Amino acid sequence: MIQRVSTPDDKRELYQSPLPNIEDFDSISGPIVLINLHFKPRFKLLGFGDEDEIQTILIPNKVRSKIVGVFEYWIRDDQYGVMSNNELISLVDSALSFMDNNIKVVVNCAQGASRSTYIVLAILMKMYYTSYRDTLDYLKSIRPSICPNSYFKDHLISMEDRLLW
């Protein structure tokens, strides 16, 4: 299920989910950017992605017309999945730029627990200028099932100064 994780009074809309059902997009009005995080190339959004991917997810036209961009990242859920500092900052800045231009951002991974949480935490930390711990507590109050791995946690803590700047 897609769930809004930005505060209700914020005009910027950030959502987190496991791999979303097509019906979930009906709850979001306006243009959407998808940030897909996968352990390995498994999924293909019809009209997006590489032909070498294994499974195709059919996106109906009414939903596809809302999607203005798709970012695909292959992130392992271990120490090798941590993004470089510059990659993470670039992704966070891009997401914030989209939201500042009234484009909704949906971040998803297979379970909606670790990889998507890593990116959502980074975005929320910069968005609200909050520490890793405060941001994690906030996100857990909305999505109790989140569980970023220790490598993602350590990376975000080490990045606090850069994300809060």
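The report below covers the sheet, the helix packing and an aromatic pair.

The model is predicted, so local features need pLDDT of at least 70 and side-chain atom pairs count only at pLDDT 80 or more, while totals for chains, interfaces and linings use all residues. Residues are numbered from 1 along each chain as its sequence is written, and side-chain values use heavy atoms, with hydrogens and water left out. Helices (H or I, at least four residues) and strands (E, at least two) are DSSP runs, numbered from the N terminus.

**Sheet**

Five strands form an open sheet with mixed pairing, in the order β1-β2-β7-β3-β6. Two strands pair if DSSP finds at least two bridges between them. The edges are taken by β1 (3–4) and β6 (67–74), each with a single partner strand, so one side of each has no neighbour in the sheet. Strand β3 (residues 32–38) runs parallel to strand β7 (residues 104–109), and the two are paired over 6 bridges. In this pairing L34 stands opposite V106 in β7.

**Helix packing**

Axes are lines fitted to C-alpha atoms, for helices over the stretch in contact, and angles run from 0 to 180 degrees between N-to-C directions.

| Helix pair | Axes | Angle |
|---|---|---|
| α2 (residues 85–100) and α3 (residues 115–128) | 9 Å apart | about 65° |
| α3 and α4 (residues 132–142) | within 10 Å | roughly 115° |
| α3 and α5 | within 10 Å | roughly 15° |

Angles under 35 degrees count as roughly parallel, over 145 as roughly antiparallel, 65 to 115 as roughly perpendicular and the rest as oblique. Helices α2 and α3 are therefore roughly perpendicular to each other, whereas α3 and α5 are therefore roughly parallel.

Contact means heavy atoms within 4.5 Å. On the α2 side, L88, L91, V92, D93, A95, L96 and M99 meet Y118, I119, A122, I123, K126 and M127 of α3. This contact has 11 nonpolar, no polar and 2 charged residues. Here Ala, Val, Leu, Ile, Met, Phe, Trp, Tyr, Cys and Pro count as nonpolar, Asp, Glu, Lys and Arg as charged, and the others, Gly among them, as polar.

Towards α4, helix α3 uses T117, V120, L121, L124 and M125, which meet Y132, T135, L136, Y138 and L139. The classes are 8 nonpolar, 2 polar and no charged residues. Towards α5, R115, Y118, L121, A122 and M125 of α3 meet F152, H155 and L156. That contact has 6 nonpolar, 1 polar and 1 charged residues.

**Aromatic pair**

The whole structure holds 2 aromatic pairs. Rings of Phe, Tyr and Trp (its six-membered ring) pair if their centres lie within 6.5 Å, and planes under 30 degrees apart count as stacked, over 60 as edge-to-face and the rest as tilted. The rings of Y118 and F152 have centres 4.1 Å apart and planes at 10°, so this pair is stacked. Y118 lies in helix α3 and F152 in helix α5 (residues 150–158), so the pair ties together parts that are 34 residues apart in sequence.
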